[in-house]
Structures are given as C-alpha cells and as structure tokens.
Amino acid sequence: MAAAASPLLLLALAVAALAVAAWPSPVGAALEDPAELLRRAKEPGFLDWMVGVRRRIHENPELGYEEFATSELVRLELDAMGIPYKHPFAVTGVVATVGTGGPPFVALRADMDALAMQESVEWEHKSKVPGKMHGCGHDAHVAMLLGSAKILQEHRDELQGTVVLVFQPAEEGGGGAKKMIEAGAVEKIDAMFGLHVADIVPIGVLASRPGPIMAGSGFFEAVISGKGGHAALPHHTIDPILAASNVIVSLQQLVSREADPLDSQVVTVGKFQGGGAFNVIPDSVTIGGTFRAFLKESFSQLKKRIEEVIVSQASVQRCSAAVDFLEKDRPFFPPTVNSPELHDFFVKVASEMVGSKNVRDREPLMGAEDFAFYAEEIPVTYYYFVGMYNETRGPQAPHHSPYFTINEDALPYGAAMQASLAARYLLEHQHHAATPDKAKTHDEL
C-alpha cells in the first residue's frame, strides 16, 4: 500500500490546481489581445483565403440591390464556417450571428455593391462585367468582415454576448442601410462599427475622429424650359442654355456668400445636358448635382435655396424650371457622426493592436456614407478608416477612379480590428441590454 500523502503535499497540489483553473486559456487570451488577432489574420493561409474571396467578388461586381452572386458567396462562406444567418434583407442583404445569441448585441457592417464604371486596371482579376467595377473597396470590406467572422467563430465559446454581422447592399446612393433598418436587420443592437479602406492613409494605420466624420448629402435635378429655335435668330427664342448657365453661377454663391466659412458646405453641378446641334437653341436643358453639409440646419437651408435660385434665375431669363430632389431613388444621407464614447473605446483597442503612433485623427470628409442611417436606430455607432497606402506600390488612384486598386495587405487590419472591437465591446458591456430608444438625440441631420 502506498504511503499517505502529507498534508503539506496535499495543500501544494490544491494550490496548483486552483492556479491552473484560474489561468486564462490561450483561446480566451487571444480573443482579448487585438495584436494576437492581427497576427492570426496575417497568417499566410488566412490572408490567402481573404485575398481569394476579395478577388472573386472583384471579378463579378454587382450594383446596388443586384448583389445576388456576392450575397451567395457570403452565405457559402458562412455555411463553411458553421455560422447561422438570415437572408434576404433588402433584396440581397445577409445578417449572421456569432456568440451566445443573447445580449449585449454588437454589430459589424460591410457594404457589398459596386460602381457603374469601366475598370481600366489591367490585371489577372479585372472586372469581367462591362461597365461595372469595385472602384470603392466594397469587395475588400466584404472579405474583411468574413475574416472577422472567421476569427470570432474560432472564439465563439468565449464571446460574452452576440456579434451581428451585417452584409448590406446598395451603399452607393441607394440607401441600402435604410432598407436594412426597415427590414428589421438591426433590431436590439447596442452598438455598431463600420469601416472603409482609405487610399491616402498609410498601411497599418487606423484613423477616425469623434463627432461628424462624413457629411450629409442630397442630389438635385432641374429641367429648365424655354423656347427653341435657330441659333442665328436668338431673338425668336427663349434660350434655356443661357438661363442654366446663370443658374449654375448663382448656385456657386450659396456657399461662398451665404454660408458661414466655418460651416463646411458644398454645392456642385456635375450634369448639364442640353441641345445636340451647333446651330439650334434647344427647348430645354437639364442640370443636376449634389449638395453636402454637416449640420441639419445648413442642409435644410441649402435645399431651400437651391430650389429658390434655380426657379428665380430661370425666370430672369424668361424660362421656367422644375426641381426634383430625387428622394425616392436617392434618399438624403444624414451626416455620419461618431459617438465620443466609442471614439475613446476605438483608440484604446486600436492602440493595443497597431500601437498608439499608428492610431490617428482624421479630418471630416465631405463625402457621404449611408452608415449614418444606423445612428438613427442604434444607441451608439462608430465609423473608421483602414489605411492601405504604401508608396512602394507606386501611385494610389483615388476611390471611384477606374484605376482604383486595393492593397490587399490591408485586409488583416480590417478583419482583426472589427473582431477586436466586437469582442472587447461585449466583454465590457456584458451586463447591458439593448435599449428601445436612443439615450439622446442628435442636432445633426
């Protein structure tokens, strides 16, 4: 018979057992370590998979509410990971969940649509669809969110709540976010994070700011009607081209002479269609453009004055004008406003992942983003930029250029950052449930 263990030995064994039980598992430790999640996303097999997903999407670009193949690809990848989802939302949208299925709920969003433009970049995975191109990086956004899904699914048992993965259609002017909200895609959500690749932010850098970061935007179109005739007999006509020209000049004065110089606003006319012959004054001219502002009052004032100026200036030249703000097909986008609370949270998590020197402030942009709609339904939202500029790759064409390219080295940063934000948010808010009403209202549009 073996000798009985001494009390001292039993005590030592008990202490050791307690220490082992209290020691965090490698999986749990990794989930709470943004730098470790980035290393995971950079592993060759993981990165190659994300690159492959992104290139398949890039080859088959689809416009807003037509992302059927992209949506199918997303669902197939989710199936392969064993992640449940619901579909469709807003025609092609997909909403997946990872975690406990209970509160708190934090959402991550990727937009899926492409642009109606011809790709001019000659490479192996160039768009195979004439007149359509992923010229804004949404193919990368989908690949990143699938990467986040993979990371989170690997740690699903450690999540302290539920991560909702939102694959959204029609960001490029179609108001897909608004349609997703109307379809019930983001009910019960406590917080939401969105990202965008940035052509001028260096690779490895994450950038954002508290408060307004993207402008509110709207579109307008006006038909200015006169009386056509022979160009050699202008006195027998009422010239709508002259009237439209005066309208455009007057519209430029709305910002330069009526807006506070410290209140950023933009009015741009990008469309002018009238006539088809050198010696004929047409019956009518169509002009169109966009207007942007950060404040609700400024946006409303611009809209009011745009219509007044077009109608009044046309009448000076004896023409009539009809103005359409195209709200049915191109809904007004609110400004994108980041929660100050989430900004501090973002800076903390991002600093742990890439170091504080690679977390930078970003000046507000006059571009618009329909991610802003989510802020009208979700208590707190946050939007940030993932850098991809690398001077060793040569010149980087801007977004919406036919020469736009993606630095695929940026994919791990987006995937790991979204996963880190979601996991950490759940950890720090595990005792909070979604609130039915927003805690505060925004003065912005």
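User: Hi! What order do the strands take in the open sheet of eight strands?

Analyst: Hi! The order is β1-β2-β4-β3-β5-β16-β6-β15, and the pairing is mixed. Strands, like helices, are DSSP runs numbered from the N terminus (E, at least two residues, for strands; H or I, at least four, for helices). Two strands pair if DSSP finds at least two bridges between them. This is a predicted model, where local features need pLDDT of at least 70 and side-chain atom pairs count only at pLDDT 80 or more, while totals for chains, interfaces and linings use all residues. Residues are numbered from 1 along each chain as its sequence is written, and side-chain values use heavy atoms, with hydrogens and water left out.

User: Thanks. Which are the edge strands there?

Analyst: β1 (85–89) and β15 (359–361), each pairing on one side only. From one strand to the next, the twist averages 25 degrees. Angles here run from 0 to 180 degrees between N-to-C directions, with axes fitted to C-alpha atoms, for helices over the stretch in contact.

User: How do β1 and β2 pair?

Analyst: In the antiparallel sense, over three bridges. K86 has V95 in β2 as its bridge partner. The two strands form a hairpin with three residues between them, and A90 in the turn has a positive phi of about 50 degrees.

User: And on to β4: how many bridges does β2 make with β4?

Analyst: Six, with β2 (residues 93–99) and β4 antiparallel. V95 turns up again here, with V166 as its bridge partner in β4. V94 stands opposite F167 in β4.

User: What about β3 and β4, parallel or antiparallel?

Analyst: Parallel: seven bridges join β3 (residues 105–111) to β4. F105 stands opposite T162 in β4, and A107 stands opposite V164.

User: How many residues of β4 are buried?

Analyst: Seven of the seven in β4 (residues 162–168). Buried means under 20% relative accessible area; exposed is over 50%, and partly exposed lies in between (1.4 Å probe, protein chains only). T162, V164, V166 and Q168 point one way from β4, whereas V163, L165 and F167 point the other way, and all are buried. In β2, five of the seven residues are buried.

User: Which strands does helix α6 lie across?

Analyst: α6 (residues 138–154) lies across β2, β3, β4, β5 (191–202) and β16 (380–389). The helix runs at about 150 degrees to β3.

User: Switching topic: what's the strand order in the open sheet of four strands?

Analyst: That one goes β10-β12-β8-β13, with antiparallel pairing. β10 (265–273) and β13 (320–324) stand at the edges with a single partner strand each, so one side of each is left without a neighbour in the sheet. Ignoring direction, neighbouring strands are turned by 20 degrees against each other on average.

User: How many bridges join β8 to β13?

Analyst: Five, with β8 (residues 216–225) and β13 antiparallel. E221 has D324 in β13 as its bridge partner.

User: Which helix packs on that sheet, touching β8, β10, β12 and β13?

Analyst: That's α9 (residues 296–316), whose direction makes about 160 degrees with that of β12. Helix α8 (residues 240–258) lies across β8, β10 and β12 (284–293), running at about 165 degrees to β10. Contact here means heavy atoms within 4.5 Å.

User: Now helices on helices. At what angle do the axes of α4 and α5 cross?

Analyst: Roughly 155 degrees, and the axes of α4 (residues 44–59) and α5 (residues 68–81) come within 10 Å. The two helices are therefore roughly antiparallel to each other. For reference, under 35 degrees counts as roughly parallel, over 145 as roughly antiparallel, 65 to 115 as roughly perpendicular and the rest as oblique.

User: Which residues meet there?

Analyst: W49, V53, R56 and I57 in α4 meet T70, L73, E77 and M81 in α5. These contact residues divide into five nonpolar, one polar and two charged. Ala, Val, Leu, Ile, Met, Phe, Trp, Tyr, Cys and Pro count as nonpolar, Asp, Glu, Lys and Arg as charged, and the others, Gly among them, as polar.

User: Last one: how many helices and strands are in the protein chain?

Analyst: Eleven helices and 16 strands. The C-alpha atoms fill a box of roughly 125 × 50 × 40 Å along the principal axes, and buried residues make up 51% of the 445 residues.
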